[in-house]
Amino acid sequence: MVKQHKLAVTGAHYGLKDWLVQRVSAVLMAIYLILLAGVLFVAAPQDYAAWKSLFSHQWMRIATFVFFICVFWHAWIGMRNILMDYVHPTAIRLTVQIMVITALLFYLVWTAEILWS
Amino acid sequence: MEAKLHNKRPKHLNLFKIRQPLPAVVSILHRISGVLLFFPGIPLMLCGLQMMLGSQQSFEALQDYLRSPMVKLMLLSPLWFFFHHLCAGIRHLFLDLHIGVALPQARASSKLVFAAGLILTTLAGLMLW
């Protein structure tokens, strides 16, 4: 099925690491969401001060930041797979991939700013 | 014999004429929901988080947004995308572990994923109202 006509712009030893990261990040996100749902179920913050104090704990900030790193990495692998499947012209695919990476890096900085400000 | 069979294979598949089996529908919805969670899902969620933690004023503005019935109604679709993506992902992890790979089980689990996504969305929707 897969025929390589020209030099493919994908890089060597692609595949396995991304496959694994996609799954590990998925499991970590699920664990975070289950714990968060548990915390909210036991003591849901009712006002601004309560939410702020929940997110003032360093462990909460770090866990949330790790969760978002998982979201962004997971999103990158998914978007990369989809772009490789549907967007064949190399120039367009690379452009969109660069846009996705740039957006995700921007989101990463934004997340840190939200959590630690 | 085999060469003849191969020649008769359709060259162009019309996706609108093929009735997709449920596992295929669950799979393509997993992809579509994934893209939508990436955009506009992630920026919207960060916006919400920023408003929630920013200041008393932005927190109240976010609360006002979330109180409006229109916004609550619109939130149902991202909730469904999220829950469908979550459930389809869990099914995928089981398939990776070679659990439920046979066709009858795969069909049953795709039904389960579809139903679980809708049920969780309904529950989350009920909690919103």
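Which residues in α4(A) meet which residues in α2(B)? I started there, keeping in mind that this is a predicted model, where local features need pLDDT of at least 70, side-chain atom pairs count only at pLDDT 80 or more, and totals for chains, interfaces and linings use all residues. Residues are numbered from 1 along each chain as its sequence is written, while chains are lettered from A and ligands numbered from 1 in the order in which they are written.

**Entry: the helix pair.** I found A:Tyr107, A:Trp110, A:Thr111 and A:Ile114 meeting B:Ile42, B:Leu46, B:Leu49, B:Gln50 and B:Leu53; contact is C-beta atoms, placed from the backbone, within 7 Å.

**Entry: the core.** I see 18 residues in the largest nonpolar core, and A:Val71, A:Phe72 and A:Trp76 are among those with the most contacts inside it. A core here joins buried Ala, Val, Leu, Ile, Met, Phe, Trp, Tyr and Cys residues through C-beta atoms within 7 Å; buried means 20 or more other C-beta atoms within 10 Å, exposed 12 or fewer. Seven residues, the largest share of this core, come from α3(A). Beyond its neighbours within four places in sequence, A:Val71 touches A:Met29 and B:Ile42.

**Entry: A:Gln58.** I placed A:Gln58 in α3 (residues 58-86) of chain A. A:Gln58 is exposed, with 8 other C-beta atoms within 10 Å.

Technical notes: Two residues are in contact if their C-beta atoms, placed from the backbone, lie within 7 Å. Helices (H or I, at least four residues) and strands (E, at least two) are DSSP runs, numbered from the N terminus.
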